[in-house]
Amino acid sequence: MNTPSELKYTKDHEWIKIEGNVATIGITDFAQGELGDIVYVDVDTVDDDLEGAAVFGSVEAVKTVSDLFLPIAGKVIEFNSGLEDQPELLNTDPYGNGWIIKLEIAEGADHSELLSAEEYQALIG
């Protein structure tokens with residue numbers, strides 16, 4: 001199970017990479033493995049200001065649909081348009097080309113619920 005140490009994680013199986021006041025967000029290797037073959041990614045929250053833990057989109061796999069939860073508060077500024085034609089990037093490259101959104105982090109956003117790679121590994125066993 002791939003869990004890059006430079007990223008932070010959520011209990012809902014999203015990862016977040018924070019660079020300045022912009023965060024890149026996707027789903028973890030564990031999440032994509034549990035979902036199976038991903039066939040569609042739906043994000044209709046670009047330009048929306050959202051609270052932490054708000055639903056920002058969904059991922060549709062062959063057998064299920066799963067909501068995506070925002071790790072921290074902010075404004076969704078970009079959707080990975082490559083996922084429109086290749087949603088399977090979430091399966092093949094979840095921490096690289098399979099990123100889902102970029103977020104402008106809200107002033108004073110709460111980072112306290114984010115997990116380290118070690119904490120996330122302990123959560124998923």
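Let's start inside: Trp15 and Tyr95 are both buried, where buried means under 20% relative accessible area, exposed over 50%, and partly exposed anything in between (1.4 Å probe, protein chains only). Before going on, keep in mind that this is a predicted model, in which local features need pLDDT of at least 70 and side-chain atom pairs count only at pLDDT 80 or more, while totals for chains, interfaces and linings use all residues. Residues are numbered from 1 along each chain as its sequence is written, and side-chain values use heavy atoms, with hydrogens and water left out.

Now for the rings. A pair of aromatic rings is described by the distance of the centres and the angle of the planes. Rings of Phe, Tyr and Trp (its six-membered ring) pair if their centres lie within 6.5 Å; planes under 30 degrees apart count as stacked, over 60 as edge-to-face and the rest as tilted. Searching the whole structure turns up two aromatic pairs. In one of them, the ring centres of Tyr9 and Tyr120 are 5.0 Å apart and the planes sit at 15 degrees, so this pair is stacked. It links distant parts of the chain, with Tyr9 in strand E1 (residues 8-9) and Tyr120 in helix H4 (residues 117-124), 111 residues apart. The names come from DSSP runs, numbered from the N terminus: helices (H or I) have at least four residues, strands (E) at least two. Tyr9 has 0% relative accessibility, so it counts as buried, and Tyr120, at 1%, counts as buried too.

Trp15 and Tyr95 make a tilted pair, 5.9 Å centre to centre with 55 degrees between the planes. Trp15 belongs to strand E2 (residues 14-19) and Tyr95 to the loop between helix H3 (89-92) and strand E9 (101-105), so the pair ties together parts that are 80 residues apart in sequence.

From E2, we can walk across to its partner strand. E2 and E3 pair in the antiparallel sense over six bridges (two strands pair if DSSP finds at least two bridges between them). Lys17 has Thr24 in E3 as its bridge partner. These two strands form a hairpin with two residues between them, and Gly20 in the turn has a positive phi of about 65 degrees. E3 (residues 22-27) is mostly covered, with five of its six residues buried. E3 also runs antiparallel to E9, joined by four bridges; there, Val22 has Glu104 as its bridge partner.

What does Asn80 do with its side chain? Its side chain reaches the backbone oxygen of Asn97 at 2.9 Å, and one of its polar atoms lies 3.0 Å from the backbone nitrogen of Gly82. Asn80 itself is in the loop between strand E8 (74-79) and helix H2 (82-85), and at 8% relative accessibility it counts as buried.

That leaves the nonpolar cores, each a set of buried Ala, Val, Leu, Ile, Met, Phe, Trp, Tyr and Cys residues joined through side-chain atoms within 4.5 Å. The largest has 28 residues, and those with the most contacts inside it are Ile27, Val41, Phe56, Leu90, Ile100 and Ile101. Elements giving two or more residues to this core include E3, E8, H3 and E9. Apart from it lies another core, of 10 residues, and among them are Trp15, Tyr95, Leu115 and Ile124.

Technical notes: A polar contact is a pair of N or O atoms within 3.5 Å; within protein, one must be able to donate a hydrogen and the other to accept it, and residues adjacent in sequence count only if both atoms are side-chain atoms.
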